[in-house]
Amino acid sequence: MITVKINDREYQVEEGKTILEVAKEFGIDIPHYCYHPALSIAGNCRMCLVEVKGMPKPMTACSTRVSDGMEIYTDSEIVKEARKGVLEFILLDHPVDCPICDKSGECKLQDYYFKYSAQRSRYEFPKERHKVQKISKKIYLNPNRCVLCTRCVRFLSEITKTFELTTVERGSHTYITCVDPESLDNNPFASNISDICPVGALGLNEFRFKKRVWFTKKVKAICQGCSAGCNIYVDVSNRKQLLDGDDDEIVRIHTAENPKLGQYFICDEGRYSYKLYNDRESRVKVPVLEGEEITVENAVSLIKEKANVRKGVVILSPLHSIEENYAAYLFARERGFDVFRPSSFRKDLPEPALFIEEKKSPNDRMLKLMKLPKVSEIEEIDYDFALFLHNVGKIHSKSEVRILSVLKKSTFSVVFEPVLSEFGRNANLVLPAPIFIEENGCYINAKNLVQRSHKGVDYMYLSKPLWFFLDINFKSEEELLAVFAKEQLNIELDYNRLGTEGFEL
Amino acid sequence: MALKKDVRLNWWDKIYLPAVFKGMYITISHFFKTLFTPPSKRYTIEYPDRKKEDIPEWYRGLHRLNTYPDGTLKCVACYCCATACPADAIYIEPEDLEDFDKDHPKEKAPKVFQIDLHRCIYCGFCEEACPKDAIVLTNHYEIVHTSREAGIIGIEDLIKTKREGGE
Amino acid sequence: MMEGLLNPQTFMVFKVVVVFVAVLTLVALATWAERRGAAFIQDRVGPNRVALFGKIRIFGLGQPLADGLKLFFKEDVLPLNVDRVLYTIAPVISFIPATMTFAAIPFGKPFVKNGIQYFLSILPPDTNIGVLYIFALAGMGVYGIIIGGWASNNKWSILGAMRASAQVISYELAMTLAVVGVVISAGSLRLDRIIEAQNGLWNIVPQFIGAIVFFVSMFAETNRLPFDFAEGESEIIGYHTEYMSMKFSMFFLAEYANMITASGLFVTLYLGGWHFPILDSTVIGSVVAFVIKLLFVLWCFIWVRWTLPRFRYDQLMRLGWKVMLPLSLINLVIVALFYAYGG
């Protein structure tokens, strides 16, 4: 450990770190474009200039390592002047078309300009113009807006190692270009370059002109695509306007960093999965009994009446959160019902795979930790009562067949799912389930990390959490999590302890 | 601390009648003044018969969408007006023109641009927020509709609104 | 032909019809004058759009007609829990005395035809109680207000009615005492004698204080601004809150009829009645003189209303009991002393 002084205050820091990393650690904001924690250091944007005592010129904070006794100033007059100058240079050849730029509202250039510069351009000559083009099926490139931080180039060469983008020409004529559009189409991580672009140069074709970012609400959630448990932001339209009818629609999914998980990116499959959740037409809107809609109260009392049998079964789902599953588990335990777990749907990994997991369900690990028997171990399928939890997504086809036969054979079968599936069609009672964005839920990923997904929108239609339908005496999802942690993992756990980064088992 | 003025009335004031007569003189003088003023010169403009002609330039009336001389809309569907609108009266649906090659490239334009004149409060924030001077409030104040549907006007109507001072 | 028809019986019918129609017409005109006058005083235009056949504007004179029609066609709802009988007759009680009072007022010079004397007042002037009759009926008017306020079963209505009755009682005292001075100077309760006594010098000159007291009390008696406590249209809620349609318009008419009667009374008692130099040499001229004076006093009602703001309730009571009553007593003493020792 060494001691450095930042803005006249002493800090104990580890040796070998850069000034920017150290400052970030202590909550001191140093503006930057080209620095990204997952990428190599480029030091080409010059935005992170700080004053270091003894150095003749301001130093780039992202590439200067700290040393013992270093005195750093992050907002001295020199630094302010330097930032102003850098911003003026960057904006010399910037089109300033913020009104039609989809990044505006979350654009680093905008933010820094208002924070550190806010001066008029002194440039009088025509600006250089490049063609705006859709460089792949997913991505468009507007080189005019580019600040040449080369984050995208470094991402594609260092993380995915596919090398589709590169800079061409020299000096002020430099611009980014795509050398292999086909490869970019097939790259399962290509869309990340729109997230890491600090300005609006790279964007998603799907999000192009779709929604201004200030009309959306960021909800931190867990990707439901596979058991990697990537942290995502789900942007939900929150424009409550009479003329706009699309309130609470999921507009896009983008990356949320989680240092504990060590991941800064998400795969394109997860990113574009938001469309699955916007399909409101096929949602189960109300409890349905044999094709007839019934009220929630009726459904609750009906379950109570029908579950008053000796031979029942509850099949949990790896697609649901800990809370939903454990509500069903408690329900089964109280009545002495059998509990089984289906196997997750598996899918071959793409190339490159990085962190993508084979098992396509977010909560597979929880059911494994509970050491439940698999559905293939069900011996007799003629139960009096059967409850199955299902969600958007798939389970293993062998489990599917087995569960279907259980549902068909049982005297009374209940399926809890948000979108009507083959299971719901073969059940007596279908309960409307909320999707992940409508409820607080925790998931255990393949690396045994318990993470929380936040509630972002209200329960759609009459969908309710399972503990409400099963009439289990709980007030919130948090209590269910605590009970689960206590009984199954022998630890105390609540949302506070999970925090933003999760809890490692 | 409230300021209390110490008013002392003498016996003449205390009769009150002089003050009453003074007041009555003032009112009757106004009565005769108005009575002998021809209707065209009174303060009141009797609206449907006579109309106010010198509407100031800053008056905020019916909206207009400006166009370039070649007829294309100035509006780029940036939503600044819809964001600034306190009454949520503006609805925009953008369109990707994919027009990347012209001298004045225009990538984005409104496919639908509706103003609900029943919701609009004519505050002029949209005009203030517009980065392209595309939406302006003209000084046309006769905004009448016979149905709620007719109050929601689209691009075709908005570009037809006359500029300030007729034309 | 007309000469042949002239006999006391037909003349009586003629008088009743003419006076009743004239008073009601004047009520309509007063509402119009009130609104136009208020508008002009406030530099506005006022109602001017009601036109004959949709074309001829006639300065908005059609407005009272339109208002009357509107009120007539309004739905007449009987509010829940009201006292039905009293609720219904209250406007009538208010309206009838207002019009009846005018019966005693002589509006022109008496004339002799074919050896029979004709008087231009509905009641024969030899009923020796002219002034008393008027005050008796004026006192009746407030019953309408109180009954209306009570029968409405609405606390604000009854409060408005209470205020009105307290006010009327307070000012009636001062008013009556002021009139006693006039009665002393004329030596009779007969209104024609009172008018006769003012030939040459109107009472307003020798009994200036009494005239002021009577004038001010008149406003209070008719519930007009600045003593508008019964209705209090702008801030406080009045006795006819629960009334609508024709029942409301009865109250409305009563207010204006009261104004006209009060004006007529003031003209009779203090402004010399139908006396006017030169004009009163003919019968028609005397009627014209009376009407002109009456219209002027009526205009004063409107004029004062749009000049003075409303008094506060305690101010009203203080004015009534501490100023108006002593002043009328002083006036009475002065007049009594004058006629006992001076005249």
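Predicted model: local features only at pLDDT ≥ 70, side-chain atom pairs only at ≥ 80, totals over all residues.

Modeller: R335(A) is partly exposed, because its relative accessible area is 25%, a value between the cut-offs of 20% and 50%. E334(A) has a relative accessible area of 61% and is therefore exposed. The side chains of these two residues, R335(A) and E334(A), meet in a salt bridge, with 3.9 Å from N to O.

Biologist: Is R224(C) buried or exposed?

Modeller: R224(C) has a relative accessible area of 1%, so it is buried. R224(C) forms a salt bridge with E34(C), whose closest N and O atoms lie 2.9 Å apart. This pair links distant parts of the chain, 190 residues apart: R224(C) is in the loop between α8 and α9 of chain C, and E34(C) is in helix α2. R224(C) also forms a salt bridge with E255(C), at 3.4 Å between the closest N and O atoms. E255(C) belongs to helix α9 of chain C and is buried, because its relative accessible area is 13%.

Biologist: How is the size of an interface expressed?

Modeller: It is often given as the accessible area lost when the parts come together. Between chain A and chain B about 1,800 Å² is buried, and carbon and sulfur atoms give 59% of that area. The contact takes 18 residues from chain A and 20 residues from chain B.

Biologist: How many salt bridges are there between chain A and chain B?

Modeller: The count is 3. One salt bridge joins K134(A) to D96(B), with the closest N and O atoms 3.2 Å apart. K134(A), R208(A), D96(B) and E107(B) are linked in a network of salt bridges.

Notes:
Residues numbered from 1 in each chain as written. Chains lettered and ligands numbered in written order. Heavy atoms only, no water. Contact = heavy atoms within 4.5 Å. Buried area = accessible area lost by both parts, 1.4 Å probe. Salt bridge = Lys/Arg side-chain N within 4 Å of Asp/Glu carboxyl O. Buried < 20%, exposed > 50% of the residue type's maximum accessible area, 1.4 Å probe, protein only. Helix = DSSP H or I, 4+ residues; strand = E, 2+ residues; numbered from the N terminus.
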